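Please look over the sequence and the 3D structure below. The briefing that follows goes through the parts of the model by topic.

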Amino acid sequence: MSIKNEGEYFLKLKKEWMNSLPRYSKEELLKIFPEAKKIIPEKIKETEKQYLYHKNEIKRLLKKFENHKDLYFVEIFIEVFMMEDLLKYKSRLMNLKLFLKPKAKNVSGVSDEEIQIAQEYPIEKIAEQYLDLDRFGNRYKALCPFHNEKTPSFYLFTDSNRYYCFGCNEGGNVINLTMALFGIDFVNAVKMLQN
Ligand SMILES: [Zn+2]
């Protein structure tokens, strides 16, 4: 077994272990840990600051090198060193905000568990139905479906299962992408991503 396969093997074990744990809805979690109600608004502020900082740094770099011959290099630099953080803060922020309105999710007709399963659906499998994907490492690149362009600036990040376009700043998770590409609402996107 090569090292790479061992790594994949452990990831698989970890995933199985995570899936075997009980899944609590956000409402249940707040009952177990009511102190969170006080902490979460502070965490949202903190995370918002970090998210905006990363977003503005990326915008500043892209602006600075807009017509520069090395723009391509700057894009790669941003992608390798800055995108994961930006996406991490963005999804953390969305997740924290859901704690403040956990009921809104339940009336939507899908359970937290279904949403979780949907979020783990490989994003490239949805994207490839509409886009020509170029794979490099853990990432894919394609022409952006959200704006007109001749050189690809639309990225899929398989580690975080999210997408982002450097051209128009559209980004999100696999559910958002499914909604946009198939023109369906949240509930139908979640249902579509169950298997
Ligand atoms: Zn775009």
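Which domains does the domain assignment of the protein chain give? It gives domain 1 (24–107) and domain 2 (109–195). The model is predicted. The protein chain holds 10 helices and 5 strands, and its C-alpha trace spans about 55 × 40 × 40 Å along the principal axes.

**Whole chain**

- Of the 195 residues in the protein chain, 18% are buried.
- Taking contacts between residues at least 6 apart in sequence, 53% join residues at least 24 apart.

- The C-alpha centres of domain 1 and domain 2 are 17 Å apart.
- Domain 1 gives 11 residues to the contact, and domain 2 gives 8 residues.
- On the side of domain 1 that touches domain 2, the elements that give two or more residues are α4 and α5.
- Helix α5 supplies the largest share of that side, with 5 residues.
- Sorted by class, the side of domain 1 that touches domain 2 has 6 charged, 3 nonpolar and 2 polar residues.

**The sheet**

- The 5 strands form an open sheet with antiparallel pairing, in the order β1-β2-β3-β4-β5.
- β1 (134–136) and β5 (171–173) are at the edges; each has a single partner strand, so one side of each has no neighbour in the sheet.
- From one strand to the next, the twist averages 20°.
- Strand β2 (residues 139–142) pairs with β3 in the antiparallel sense over 4 bridges.
- A142 has F154 in β3 as its bridge partner.
- β3 and β4 run antiparallel and are joined by 4 bridges.
- F154 also has a place in this second pairing, where it stands opposite C165 in β4.
- β4 and β5 run antiparallel too, joined by 3 bridges, and R162 stands opposite N173 in β5.
- As a general point, side chains in a regular strand alternate between the two faces of the sheet.

**The hairpin of β3 and β4**

- The hairpin of β3 and β4 has 4 residues between the strands, and N161 takes a positive phi near 60° there.
- S160 lies in the loop between β3 and β4.
- Beyond its neighbours within four places in sequence, S160 is in contact with E84, L87 and K88.
- S160 and N138 are 22 residues apart in sequence, and their C-alpha atoms are 9.9 Å apart in space.

**Helix α5**

- Why does the distance between the ends of helix α5 agree with its number of residues? Helix α5 (residues 83–100) has 18 residues, which at 1.5 Å a residue should span 26 Å, and its end C-alpha atoms are 26 Å apart. The expected span uses one less than the number of residues.
- The buried residues of α5 are M83, L86, L87, Y89, K90 and L96.
- An α-helix has 3.6 residues a turn, so residues three or four places apart point the same way.
- Helix α5 lies across β3, β4 and β5, and runs at about 115° to β4.

**T47 in helix α3**

- T47 has its place in helix α3.
- Why does T47 count as buried? T47 has 21 C-beta neighbours inside 10 Å, and the cut-off for a buried residue is 20 or more.
- Leaving out its neighbours within four places in sequence, T47 is in contact with Y89, R92, L93 and L96.
- Among these partners, Y89 and L96 are also buried residues of α5.
- T47 and C144 are 97 residues apart in sequence and 28 Å apart in space, from C-alpha to C-alpha.

Methods:
Residues numbered from 1 in each chain as written. Predicted model: local features only at pLDDT ≥ 70, side-chain atom pairs only at ≥ 80, totals over all residues. Buried ≥ 20, exposed ≤ 12 C-beta atoms within 10 Å, placed from the backbone. Domains from an automatic or database assignment. Contact = placed C-beta atoms within 7 Å. Nonpolar A, V, L, I, M, F, W, Y, C, P; charged D, E, K, R; others polar. Pairing = 2+ DSSP bridges. Axes fitted to C-alpha atoms, helices over the stretch in contact; angles between N-to-C directions.
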